[in-house]
Amino acid sequence: MWVFTNTAFISAVRHRDKPDSLMVRARLPGDLERFFGPDGADLAVQETRDADYRYRCTVSDAVFASALLRAAGQIDYPNFKDSIGPDDQMRHHAYLDVWAAMHRVQDQGAH
């Protein structure tokens, strides 16, 4: 699952070696901590320079679900792209690229 918030982009998958846990990954430093909020203080984030996603941590389904619920509860904006802070232009441009790609899919009539 990919999750885009206005302060983090993360990817969550079932952990290969721990089927009762999720491996949650990020490309940018701090995204995991921002996504998990107060629960992020106890994360064991590992940096792996040769991995597809540079930053990763292992969490329970419940911790991940709690972070998703918290992120949903923090939505206070009428436009997602405009909610990305002005000091995070790199993220804004990357998200705009994703938006444009999905807009093209929509225009092609994919379902």
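Ala67 counts as buried because its relative accessibility is 0%, where buried means under 20% relative accessible area, exposed over 50% and partly exposed in between (1.4 Å probe, protein chains only). Ala67 belongs to helix α2, and its C-alpha atom is 7.2 Å from that of Gly37, 30 residues away along the chain. The model is predicted: local features need pLDDT of at least 70 and side-chain atom pairs pLDDT 80 or more, while totals for chains, interfaces and linings use all residues. Residues are numbered from 1 along each chain as its sequence is written, and side-chain values use heavy atoms, without hydrogens and water.

The chain has 3 helices and 5 strands, in the order β-β-β-α-β-β-α-α along the sequence. These elements are DSSP runs numbered from the N terminus, with helices being H or I of at least four residues and strands E of at least two. The C-alpha trace spans about 40 × 30 × 25 Å along its principal axes, and 29% of the 111 residues count as buried.

Salt bridges come next. One is counted when a side-chain nitrogen of Lys or Arg is within 4 Å of a carboxyl oxygen of Asp or Glu, and the count comes to 7. In helix α1, Arg34 and Asp31 are 3 residues apart, about one turn of the helix, and they form a salt bridge with the closest N and O atoms 2.5 Å apart. Asp31 is buried, at 0% relative accessibility, whereas Arg34 is partly exposed, at 41%. Glu47 pairs with Arg49 at 3.8 Å, N to O, and with Arg54 at 3.3 Å. Glu47 is partly exposed at 44%, Arg49 is exposed at 66%, and Arg54 is partly exposed at 27%.

The largest pocket has a volume of about 310 Å³. On a 1 Å grid over the protein atoms alone, a pocket is an open set of points with protein on both sides within 12 Å along at least five of seven lines, and lining residues have an atom within 4 Å of a point. A volume is the space filled by probe spheres set on the points, which are joined across faces, edges and corners. Of the 16 lining residues, Thr5, Asn6, Ala71, Ala72 and Gln74 lie nearest the pocket centre. Elements giving two or more residues to this lining are β1 (2–4), α1 (31–36) and α2 (61–73), with the largest share, 4 residues, coming from α2.

Terms used:
1 Å grid on protein atoms, 1.4 Å probe; cavity = no way out; pocket = protein on both sides within 12 Å on 5 of 7 lines; lining within 4 Å.
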